[in-house]
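Open your viewer and keep the selection panel ready. Follow the stops in order.

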Amino acid sequence: MPSLNEFQLDALREVGNVGAGNAATALSQLTGQRIDLSVSKVCVLPTDAIAEFLGGSDSNVASVCLPVYGDVTGLVLVFFPLDQINELTRMLLPNFTPVPGPDGLSDIEKSALRELGSILTGAYLSALFRFINIQILHGVPELVMDMAQAILDSVLVELEEKEDLAIVIETELIAQNKKMTSKFLLLPEAGSLERLFKAFANTLGLPGNG
Amino acid sequence: MGEKEWAVGIAEVKVASFPDSFVAYGLGSCVGVTLFDPGKKNGGLAHVMLPSSALFTRGFVPGKYADTAIDLLVRELKGLGSDAGQLRAKLVGGANMFKHIVSHPVPIGVRNATAAREKLRNLSIPIVGEDLGGEFGRTIQFSLEDGRIKIKKLNQPEFWL
Amino acid sequence: MAQRVLLVDDASFMRMMLKNILAGAGYEIVGEAENGAKGIELYKTLKPDLVIMDIIMPEMGGIDAVREIVKANPMAKVLMCSSMGQQSLVVEAIQAGAKDFIVKPFQPSNVLEAVKKTLN
């Protein structure tokens with residue numbers, strides 16, 4: 001099973017840091033308050049370990065899902081623990097008193113969460129471009145709140161010949177002294193993962209897969 | 001010998017006898033197919049991901065596909081001493097959680113449910129209960145005492161099928 | 001008289017942000033659409049002075065919509081919104097007829113500057 005070696009993981013960590021920095025600036029400007037992001041973990045995970053990483057198959061999560069295309073095709077999933085959702089929406093909409101919808105969130109809050117997922121995704125993908133010259137564009141975000149395994153089930157089956165590996169960047173968001181966790185997962189389709197690893201290797205002048 | 005609750009993960013098929021039971025966590029577009037023999041209190045659960053083995057591309061796992069998973073389930077239950085004519089089926093899952101990232105005009109959850117129903121019909125196994133479709137994932141516990149299934153969805157009270 | 005602006009973006013959150021920035025500076029938001037097709041429709045009926053349009057939207061994206069709007073009115077003023085890392089799409093949008101672009105998420109001063117520039 002292909003993986004990233006030490007140098008490549010370091011490069012991924014840098015991608016995470018740069019992306020997190022840009023996302024923090026963007027989010028701070030957007031909300032008019034100080035928001036800090038720091039990368040707490042980067043790794044490559046086999047897809048059958050993802051549910052555990054998210055807190056267990058039946059842990060409740062909110063997930064923003066975006067199709068990605070370009071040099072790498074596949075899906076990006078950005079996960080937030082469901083019990084931090086209200087803190088996240090308060091961070092994004094500091095002066096707004098929402099009117100809850102049937103599932104507890106107003107349309108504006110759901111839209112804000114989709115945008116949060118989009119912003120984080122855009123930040124990491126453009127950092128990837130900067131570091132390893134891989135251009136990945138993202139499409140329309142979708143928000144789903146449910147059990148981790150149910151979301152993964154539904155998503156993995158849509159990826160034709162998925163690569164069985166996910167690139168993971170876990171980030172802490174800090175605003176108003178509250179800490180929230182986001183987990184960014186890039187799930188590439190067949191062939192794309194190899195392209196990604198080759199790009200890491202080329203940039204760092206190292207031979208192929210680790 | 002203590003009773004065991006068997007977790008059935010994606011693409012897995014498991015059978016057992018009472019007082020054992022089964023659990024499947026987070027069925028999204030997957031369909032949980034249960035077969036129960038009320039006389040001998042044998043039963044099994046298949047966690048099906050795709051509708052047909054004709055779609056298999058690499059690394060064939062029978063539990064992944066509705067047709068081969070159900071065949072395997074029946075075979076294993078016969079191994080426990082059950083007669084195919086005594087089996088009753090229930091189907092849970094097949095949700096459609098995403099609207100935009102779908103790659104096929106018919107949502108995979110619907111295709112899985114249709115495939116499971118068709119296979120069971122071909123085997124003349126009656127379907128005595130269903131909780132399919134919708135937009136939410138389900139966690140299910142399947143009891144071999146009476147073949148009932150406890151279903152839990154996000155933010156909703158549990159109920160029995 | 002206030003300049004009339006049409007907002008086209010699938011994210012109600014973003015439309016709300018833009019409305020706050022623009023209304024605060026004296027612009028009139030005459031309509032909102034959540035995809036390119038609705039945007040084109042509203043452009044034709046409302047005839048705004050300026051359209052602010054997102055690139056990535058369901059049903060019909062911004063690049064196709066700009067093309068249609070400029071076809072209907074070569075003098076149309078469209079300002080594109082792009083996310084971080086979508087610069088290549090911005091180039092396409094400008095080639096399709098957009099006048100300028102702003103990057104999400106917005107800094108109010110950047111938005112107002114781009115709007116002023118595009119309208120003059």
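The tour goes from a chain interface to a helix pair and then to a strand.

This is a predicted model, where local features need pLDDT of at least 70, side-chain atom pairs count only at pLDDT 80 or more, and totals for chains, interfaces and linings use all residues. Residues are numbered from 1 along each chain as its sequence is written, with chains lettered from A and ligands numbered from 1 in the order in which they are written.

**Stop 1: chains A and C.** Select both chains. Here 21 residues of chain A are in contact with 17 residues of chain C (C-beta atoms, placed from the backbone, within 7 Å). On the chain A side, helices H1 (6-31) and H4 (107-132) each give two or more residues. H4(A) supplies the largest share, 13 residues.

**Stop 2: H1(A) and H4(A).** Now select this helix pair. The two pack at an angle of about 135°, with axes 8 Å apart. Show the side chains of the contact: among them are A:Ala11, A:Val15 and A:Ala23 of H1(A), and A:Leu120, A:Tyr124 and A:Phe131 of H4(A).

**Stop 3: strand S5(A).** Select residues 142-147 of chain A, which form strand S5. Finish on A:Val64, whose bridge partner in S5(A) is A:Leu143.

Note on methods: Contact = placed C-beta atoms within 7 Å. Helix = DSSP H or I, 4+ residues; strand = E, 2+ residues; numbered from the N terminus. Buried ≥ 20, exposed ≤ 12 C-beta atoms within 10 Å, placed from the backbone. Pairing = 2+ DSSP bridges. Axes fitted to C-alpha atoms, helices over the stretch in contact; angles between N-to-C directions.
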